[in-house]
Amino acid sequence: MSVSDLNESSISDLFEEHMKNPNILMIGTTVATGFEWEAIDECREKLQKHLRVVKGRGKVYFNIDWDQFAKVQEMRSIDNIYIVADTARYSFGQSKESKKADLELFVDSVNKSTNLSKGLDAWKRATNFKGKLYPTIEEYNVAKEQALAAKTEVSEIDNEKKEEEEPKSESKEKDAPDARKKKKRGQDPSESKEDDILKYRVTCERTGEHSFESNDVAKVVGGELQEKYHWIVDLCTYHLEIVCKLMQNFMLTHLRVTHESKHRRNIENFGPTTLRSTICYNLLRLAHPKPGDLIVDPMCGGGSIPIEAALAYPQSHVLCGDNHPKAVNRAQSNASVVGCEVGLVQWNASKLPFKDSFVDIIVTDMPFGKRSGTKSDNRVLYKQFLLELGRVVKLSSGRIVLLTYDRNSFKQALQTAGDLFWVKKTVGANIGGLQAVVYVLSRTHVSHHDFKPRVVKQYNRPKA
């Protein structure tokens, strides 16, 4: 993210308002890149109609009254929630030799101007952390000794387990994955005890040219915060993650509120192409569901989209299906876990069991030709699928939202479908590192029976 993606003056204005008013909090949220406007619309829909929002690439910032925070936590379009606790601007050197002096700027900033008190108090209330935010040096020393003793005990147990294991050859040991390694997610702050001293870690996300690396910033800032607040550094079982987002010379200090990303809701049984729940919600928003609408996902996979539809739009009717029996079983299992009712059928997406002009909304994640399907298959499937949608979707009022990576196959299919659809909008989106596109279509008034598919000629390049 560059400075042009996130307006520094607008961010500074929000933070200034946050500091002046004790009841105002500055909130930062992350959203899947490409769906920022859906998140902004949800903010204004659920919080305040004319809410001032600053948009960045994959990020949205705004101020709220404290009593609105529960509504922020209920938002479905965003992945993570942060409280913005501090901002700072630095004058870094322009050469690699300035690294030591540049890092010293962070030391001075933390010691002289950084004040996280308001953000920390809000974080404690938001996460229901029961421990000590401001321990004494004596309490810190006791907690540090206990943490060191616990670490030593764990290390001894690990050594004993290693000795009991059958020795492996050196080559196998290098190739074998360590089964004990777990993803570092910290611990839920709400499960803390009153005598717990805050455990924390600092991470840095950096863009721009600097004399230092992101890890350098995290180490320096983390060390100075420990001296200032007497917290316990713990990279694995931390209560609080402090995220420093450095953009060129401007840094925002975030306190993570969400212990786990909100996109992990709903799904227990993941498939090879399971879509994030937050992305599913944003796709559904693009279709503008209304009470009583029939929402259909013809290629449901593990059921991410229909489950989110059933939970987010309970006044709509949701049906879904897939041609693979394992996908149908997985979707049924996921729906059962969250306790939502979704009509589920095994079917062929090119021959859907609906009457003509019957469905209000189609939302689906089409085969990308990367992790599932192939592009040669897509060229045939996409055409058949679009023509079938032209048959089952309601004339004039039907809405279709399709996510794909395979733009060429989709464009050819759209040429074939001709006058059956209007392309209302396209949205570029980052899906698991792939640059995908969302097509938002509306059904025209042209009857499927009167429509004749266009013949798209394929021209082969002459051989050299």
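Start by selecting Lys99, Leu103, Phe106, Val107, Val110 and Asn111 in helix 4: they meet Asp216, Val217, Val220, Val221, Glu224, Leu225 and Lys228 in helix 8 (contact means heavy atoms within 4.5 Å; helices are DSSP runs of H or I with at least four residues, strands are E runs with at least two, both numbered from the N terminus). The residues of this contact split into eight nonpolar, one polar and four charged (Asp, Glu, Lys and Arg count as charged; Ala, Val, Leu, Ile, Met, Phe, Trp, Tyr, Cys and Pro as nonpolar; the others, Gly among them, as polar).

A quick note: this is a predicted model, where local features need pLDDT of at least 70 and side-chain atom pairs pLDDT 80 or more, while totals for chains, interfaces and linings use all residues. Residues are numbered from 1 along each chain as its sequence is written, and side-chain values use heavy atoms, leaving out hydrogens and water.

Now show helix 4 (residues 99–112) and helix 8 (residues 214–229) whole: their axes come within 9 Å and cross at roughly 30 degrees (axes are lines fitted to C-alpha atoms, for helices over the stretch in contact, and angles run from 0 to 180 degrees between N-to-C directions). That makes helix 4 roughly parallel to helix 8 (under 35 degrees).

Next, what does helix 8 lie across? Select strand 5 (199–207), strand 6, strand 7 and strand 8; helix 8 runs at about 145 degrees to strand 5.

Finally, pick strand 7 (residues 240–247) and strand 8 (residues 250–256), which run antiparallel and are joined by six bridges (strands pair if DSSP finds at least two bridges between them). Zoom in on Met247: its bridge partner in strand 8 is Phe250.

Technical notes:
Parallel < 35°, antiparallel > 145°, perpendicular 65-115°, else oblique.
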